[in-house]
Amino acid sequence: MGLIRAAAESVKGIFADQWKEYFYCEAMDADVLLRKGMKRVGKRGSNRKGSDNLISDGSVIAVNEGQCMIIVDQGRIAEVCDEAGEFIYDASGEPSVFCQDLGESVQRSFESLGRRFSFGGDTGKDQRVYFINLKEIPGNKYGTANPIPYRIVDRNIGLDLEISIRCHGEYSYRIADPVLFYTNVCANAQEEYRRQELEGQMRSELLTALQTVFARIAQQGIRYYQLAAHTEEMAGELNRELSEKWMQTRGIEIVSFGISGVKAPEEDEEMIKQLQRSAVFRDPGMAAAALTGAQAEAMRAAASNTGGAMMGFAGMNMASQAGGMDVKSLYEMDREDRDRQQGQAGPVLGDTAWDCVCGAKGNTGKFC
């Protein structure tokens with residue numbers, strides 16, 4: 001059996017009075033993934049009372065844009081066509097594969113799973129025409145019922161922390177391999193197969209894969225609140241993570257992935273902010289500036305102390321001594337750090353000898 005491309009004038013002219021049956025499928029909305037072809041019997045058709053599951057030799061099959069037509073014979077795929085147009089069914093010809101957009105992967109799947117044979121003009125016992133929706137299927141909602149672990153990695157401050165986040169959004173997918181989709185998902189459907197029959201399983205698998213993808217994204221130092229800016233990258237990661245279950249088994253791939261919102265518990269957010277604030281003071285210069293500001297505030301408070309300014313300043317001096325570090329020492333440490341970064345020897349206290357980068361050795365002063 002095979003398909004012969006029919007010129008438009010042939011179907012409207014000569015074949016208009018000769019075809020026995022005309023198989024077609026009206027436009028499919030996004031909820032319909034597969035629909036059985038509708039049959040219209042011609043004026044001279046001899047199969048008016050015949051079974052709907054038989055295709056007469058010479059019948060015409062119309063394929064619309066965004067559709068893939070398959071002929072199923074005895075439960076297995078015998079023809080595949082994703083090219084828009086009208087085709088004449090030849091029961092005596094060899095199987096033909098019209099795949100303009102689907103490419104070699106569909107042909108390989110067809111050769112592996114399809115049934116390539118001819119009845120030599122005889123009709124089979126069960127033949128069906130199905131149309132598969134190739135358009136992008138949008139509006140698939142997802143949401144994390146339970147929090148998902150997410151690592152916060154900030155190498156600048158040495159932060160490596162795991163928190164829990166919740167997120168929700170939508171994703172879209174398309175059927176990239178109709179042969180695999182029909183064979184492994186909806187074989188021999190009675191009339192149509194809708195996405196609602198599959199979306200629960202797909203959502204569960206997507207959320208499981210999302211944990212692995214989040215782990216990879218976090219390793220790049222991307223904050224959880226920045227995820228919405230990396231949705232294209234996440235779609236690619238999800239396709240790689242789900243390739244075995246979705247593409248290689250069902251012939252489905254993710255087209256786009258969107259995040260409407262992502263949220264971490266308030267206590268986790270406050271903890272991260274506090275750690276980041278604390279990490280800032282690892283820099284001596286920043287610590288000195290913060291201490292200077294605190295001392296200035298303390299002096300204003302001491303001046304207005306109801307017990308007298310002297311009592312206020314005495315308390316401030318006690319607090320300064322208890323802190324274990326003064327502003328001068330912090331600024332000195334900051335200057336030494338900057339000198340080392342510039343490849344220069346920093347000042348050394350006392351008479352300790354030091355060598356300069358210029359080559360002079362045994363220096364005891366602050367400068368070479």
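Let's start with the aromatics: Tyr 171, Tyr 173 and Trp 246 form one cluster. Keep in mind that this is a predicted model.

Eight aromatic pairs turn up in the structure. Take Tyr 171 and Trp 246: their pair is tilted, with 6.2 Å centre to centre and 35° between the planes. Tyr 171 sits in strand 13, Trp 246 in helix 5, and 75 residues separate them. Both Tyr 171 and Trp 246 are buried.

Next pair: Phe 181 and Tyr 193. This one is edge-to-face, at 6.1 Å centre to centre and 80° between the planes. Phe 181 belongs to helix 3 and Tyr 193 to strand 14, so the pair ties together parts twelve residues apart in sequence. Phe 181 and Tyr 193 are buried as well.

Now Asn 140. Is Asn 140 buried or exposed? Its relative accessibility is 4%, so Asn 140 counts as buried. You'll find Asn 140 in strand 11, residues 137-143. Its side chain reaches the backbone oxygen of Ile 137 at 2.8 Å. A polar contact of 3.4 Å also joins the side chains of Asn 140 and Arg 195.

On to the core. The largest nonpolar core has 54 residues, and Tyr 150, Phe 181, Leu 210 and Phe 257 touch the most other members. Helix 4, residues 196-219, gives the largest share, ten residues. There is also a second, separate core of 16 residues, including Leu 3 and Phe 131.

Last item: Arg 40. Its charged end sits over the ring of Tyr 24, 5.1 Å from the ring centre.

Notes. Residues are numbered from 1 along each chain as its sequence is written. This is a predicted model: local features need pLDDT of at least 70, side-chain atom pairs count only at pLDDT 80 or more; totals for chains, interfaces and linings use all residues. Side-chain values use heavy atoms; hydrogens and water are left out. Helices (H or I, at least four residues) and strands (E, at least two) are DSSP runs, numbered from the N terminus. Buried means under 20% relative accessible area, exposed over 50%, partly exposed in between (1.4 Å probe, protein chains only). A polar contact is a pair of N or O atoms within 3.5 Å; within protein, one must be able to donate a hydrogen and the other to accept it, and residues adjacent in sequence count only if both atoms are side-chain atoms. A nonpolar core is a set of buried Ala, Val, Leu, Ile, Met, Phe, Trp, Tyr and Cys residues joined through side-chain atoms within 4.5 Å. Rings of Phe, Tyr and Trp (its six-membered ring) pair if their centres lie within 6.5 Å; planes under 30 degrees apart count as stacked, over 60 as edge-to-face and the rest as tilted. A charge sits over a ring if NZ of Lys or CZ of Arg is within 6 Å of the ring centre and within 35 degrees of the ring normal.
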